[in-house]
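Welcome, and thanks for taking a look at this one. Here is a short briefing to read beside the model.

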Amino acid sequence: MWLDNLNQALDKAVKPIRFFFRDDDAGWANKQLFELLDCFSKYNVPIDLAVIPQAINYKNKELCNRVRQNNGLIGVHQHGFRHNNHQLDGRKCEFGSDRTYTQQHLDIFTGQKILLDYFDEQSELIFTPPWNRCNQDTVNVLIDLGFSTLSKDNTGKPLDCQTLRQLPVNVDWFKKCQGIRMSQTQLGQLIEQVVTNGEVVGIMLHHEIMDQQERYTICELLELLSSHPRVKCEHMKKILRVITVKN
Ligand SMILES: [Zn+2]
């Protein structure tokens, strides 16, 4: 089975291995989102949602209710503003060199207000930039607006984060190698590698492209993680309290 080697790596771990799940693009594709949330609820595993502020409206009332009622299993934080690409050349980016500090500030400030309106204090001061990309102006805006944490991946130019902490994802559930999506076996190997390195495992999901088969696969992983004595599945904010992440 695709999780056998990961299971063995966890058996050998000398200290608890922390996992978190960051599901991006909340506000889009509610049906798939709620089906994914049901999987996490079934196994009592926490999940952090990166929410697109401009996609939140009255249609998302159920999401707000679930966040409030789900025994603290669902965390919410900010994912860009509109999830628009503003970059004229190169890779897609909402917060990149084609946006000034002032433009980025307005977007992030407005997004912050929207999330506070909908989720109150349950909205956390964590920012996930769309496509896991942003620049130094974004970091400066986040510090000026009182954010505590930037979550992206470990690719891209290093940023001078000063007081802003980083909690990166290091496993993309839909990772491609040379244009071809990883097999289940390769995904298991990738997670196993992070476990063997003794790092926090941050798994990035995109609910809108997860079908029933995909959810079945994640349930298999959740079943293993929720029952393994060496694993701690936690919210991002809890992990930030207990570990020091180098910027
Ligand atoms: Zn996104």
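What follows covers a helix pair, one arginine and a metal site.

This is a predicted model, where local features need pLDDT of at least 70, side-chain atom pairs count only at pLDDT 80 or more, and totals for chains, interfaces and linings use all residues. Residues are numbered from 1 along each chain as its sequence is written, and side-chain values use heavy atoms, leaving out hydrogens and water.

**Helix pair**
- Helix α2 spans residues 30-42 and helix α3 residues 61-69; their axes lie 11 Å apart at an angle of about 15 degrees (axes are lines fitted to C-alpha atoms over the stretch in contact, and angles run from 0 to 180 degrees between N-to-C directions).
- So α2 is roughly parallel to α3 (angles under 35 degrees count as such).
- From α2, Leu33, Phe34, Leu37 and Asp38 meet Glu62, Leu63 and Arg66 of α3 (contact means heavy atoms within 4.5 Å).
- The residues of this contact are four nonpolar, no polar and three charged.

**Arg66**
- Arg66 sits in helix α3 and is buried at 17% relative accessibility (buried means under 20% relative accessible area, with a 1.4 Å probe and protein chains only).
- Leaving aside residues up to four places away in sequence, Arg66 touches Phe34, Leu37, Asp38 and Ile74.

**Zinc site**
- Asp25 (OD), His79 (NE2) and His83 (NE2) are the protein donors of the zinc ion, 2.1 to 2.2 Å from it (donors are N, O and S atoms within 2.8 Å of the metal, or 3.2 Å for Na, K and Ca; water is not among the atoms, so sites may look incomplete).
- Along the chain, the donors follow the spacing D-x53-H-x3-H.
- His79 is buried, with a relative accessible area of 1%, and His83 is buried at 12%.

Conventions: Helices (H or I, at least four residues) and strands (E, at least two) are DSSP runs, numbered from the N terminus. Angles under 35 degrees count as roughly parallel, over 145 as roughly antiparallel, 65 to 115 as roughly perpendicular and the rest as oblique. Ala, Val, Leu, Ile, Met, Phe, Trp, Tyr, Cys and Pro count as nonpolar, Asp, Glu, Lys and Arg as charged, and the others, Gly among them, as polar. Buried means under 20% relative accessible area, exposed over 50%, partly exposed in between (1.4 Å probe, protein chains only).
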